[in-house]
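Morning, everyone. Please have a look at the structure on the screen.

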Amino acid sequence: MPARQAWPGPSRLSTLGIAVMLGGLVLSGVLSWTTRSLYGNSEGKLLLLRVRDAGSLLSVSLPGIQTPLASAAATALATNGNARQFTSSVAPSVGRGRRFDSISLWKIQAGSYRLVAVSGLAPHLLSSPGRARTIFQSAPSTSPLRVTYVATSQPRLGYAITATGTEGHYAVYGEAALPRAGRLQIAKDSAFSDLDYALYVNTRGQSSHLVATSVARLPIRGESASVRIPFGDASLDLVMTPRGPLVGTFFADVPWIVLAVGVLLSIAAGLMTERLVRRRKLAENIADQLDDVATENQRLYDEQRTIAETLQHALLPQDLPQFEGLDISALYISGSDSVEVGGDWYDVLALDDDHVLVVVGDVSGRGLRAATIMASLRFATRAYAQQGDPPDAILAKLSLLLDVVRDGHFATVLCMVVDLSTGKVAITNAGHPAPLLVELRGASAFLDTTVGMPVGVVERPTYAADALAIPRDSTLLVFTDGLIERRGEALDVGLQRLRDATDVSGGSLEEFLSAVVGSLLPGGAEDDVAIVGLRWKS
Amino acid sequence: MEELELERDGTRGSVEVLPDISGRTVIKLSGEIDISNAGLVGATVGRFVEGTSGTLVFDLTDLQFMDSSGIALLLRASAHRGGAELRGPSPTIRRVIEATGLSSVLRFEP
């Protein structure tokens, strides 16, 4: 048997496995990217909402700046610039830890301005006359509150509100220092503690200035959102950026989790596919090997069968003698499902010019032992016939050669001596199926033979000698039971089937035998079959 | 009662010894007997027959099929008893025994 590699190579991945893995990886990448952009999108929206919230909160706190100043201006107008009353009205808003570092009252008349009273520190505006002129004399805008940025070593914001009376008008000016270096952290317990921010003020005629921020380096980079809040005649720009993921760290990690799980699943799927591919290959290899075994078995079977058939044919006559006035033909068909040699035989022997021995026999069972018994019976029959014994004597002598107790087999034998000159046949039947006589017109009948004991059953059987006359142009079929017997079927059914099969006309004896066998055993014989045909010519 | 199931190559047969008060040896063969199991059935029958005496009876009531190997084993087992009686053979088996000229050795039980 050819040696075969049962296992596929150990390390090479199959194309299918690699394809599945790559497909999985691409899919994971796409999923991860989609998740990430969805997350980014929602993160951006959420940030904008938060910044608007913060802006709203901031704008709500802005009146806290305007109100004390407006109130002080109204008081000044009402008291005609009374310094003491002004000071006491603004005192709660001025000082360390309060909203303003200083609030001052100014009288503005005919394009000049004069400091009337100060609460708290001296306003830095004093050191910047140009700025003071701008803030006090600028055209009134939609908002009464004017905002200015005072750039000193520590920057400040200045706020002014003007109250206009009949005898000139008053301006209240407050100043508040901005956080040192602009840094101011959002309180840890605030709702916005997860955001960094930068707040800028845009005042009229000035560029944008930083008010406060929670970060060390500006400008803010990365994901950010901003909102502009009106503040007097100025505006505030609030720029915010998330310190971390707003939706929660889990959601920020989702794309990476998707990617990691996807990669793992892809590798697992690839390996699983690889495993299946290898198993399939293994199964195919095993199937191939089974095929090989089956082929080898078939070969051995065929070989055995060939041996059996060769032996069988060696034990049977190679050529049949030919006679004037009598056609003789024979067929032997091996059983389809057996590798063993069978025990059926036939023989034709010219005894003298007028006499022909025709024998068909069947040793029970199969195998080499049955075949050797068959051979010894066949040659013994020839010997006895040559000595001139008639069929009944031949079979009686054969019984001395075979013992079913000793040999395990018995034999049915039909022995005939045909007299060519008279057309008469001497027949002795030892337990064998009777021959069928088929007349020219197709009418048929089994010969009425006396059925004696099979050979090998009892030690000294007695056999009858039947003498029958065969009509001219008739055909006599002598056969073994394999031709007619079917398992589980009554014997007479098979006998009738044979009679039906012989109801054909024309053709040579060989063609007739072939037609009968072909009709009775279309799929080959189950058991061995020997059949001899004799046809008397007119 | 002794019984043996015999199966080979899908052919199934069984052998059992039936009790009998008249002193006969009754062996029941069931199923099918052909060349594939005849050796086993024959050996079993031989073992059952050994050491018994009196008339040998083969009960074939439940035997569906028997080929020439089966007949050979019946002949073998009954040779030293001068034959045997067959009980309840099917018409097919009965016809085969008759056609083979064996009904004087393998007699049908009256």
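**Where the chains meet**

Let's start with the contact between the chains: 19 residues come from chain B and 23 residues from chain A. Keep in mind that this is a predicted model.

Stay with the side of chain B that touches chain A. Three elements of chain B each supply at least two residues there: β5 (63-66), α2 (68-78) and α3 (91-99). Which element gives the most to that side? It is α2(B), with 6 residues. By type, this side of chain B divides into 11 nonpolar, 6 polar and 2 charged residues.

Next, a sheet in chain A. Five strands form an open sheet, in the order β10-β20-β19-β15-β16, and the pairing is antiparallel.

Strand β15 (residues 436-438) of chain A is joined to β16(A) by 3 bridges, and the two run antiparallel. One pair to find: A:L437 has A:A445 in β16(A) as its bridge partner.

Last, the inside. In soluble globular proteins, nonpolar side chains tend to be buried together. Here the largest nonpolar core has 93 residues, and A:V358, A:V413, A:I531 and A:V532 touch the most other members. Take A:V358: leaving out residues up to four places away in sequence, it touches A:V348, A:M416, A:V418, A:V478, A:V532 and A:L534. There is also a second, separate core of 47 residues, including A:V94 and A:I135.

Definitions and conventions:
Residues are numbered from 1 along each chain as its sequence is written. Chains are lettered from A and ligands numbered from 1 in the order in which they are written. This is a predicted model: local features need pLDDT of at least 70, side-chain atom pairs count only at pLDDT 80 or more; totals for chains, interfaces and linings use all residues. A nonpolar core is a set of buried Ala, Val, Leu, Ile, Met, Phe, Trp, Tyr and Cys residues joined through C-beta atoms within 7 Å. A residue is buried if 20 or more other C-beta atoms lie within 10 Å of its own, exposed if 12 or fewer, and partly exposed in between; C-beta atoms are placed from the backbone. Two residues are in contact if their C-beta atoms, placed from the backbone, lie within 7 Å. Helices (H or I, at least four residues) and strands (E, at least two) are DSSP runs, numbered from the N terminus. Ala, Val, Leu, Ile, Met, Phe, Trp, Tyr, Cys and Pro count as nonpolar, Asp, Glu, Lys and Arg as charged, and the others, Gly among them, as polar. Two strands pair if DSSP finds at least two bridges between them.
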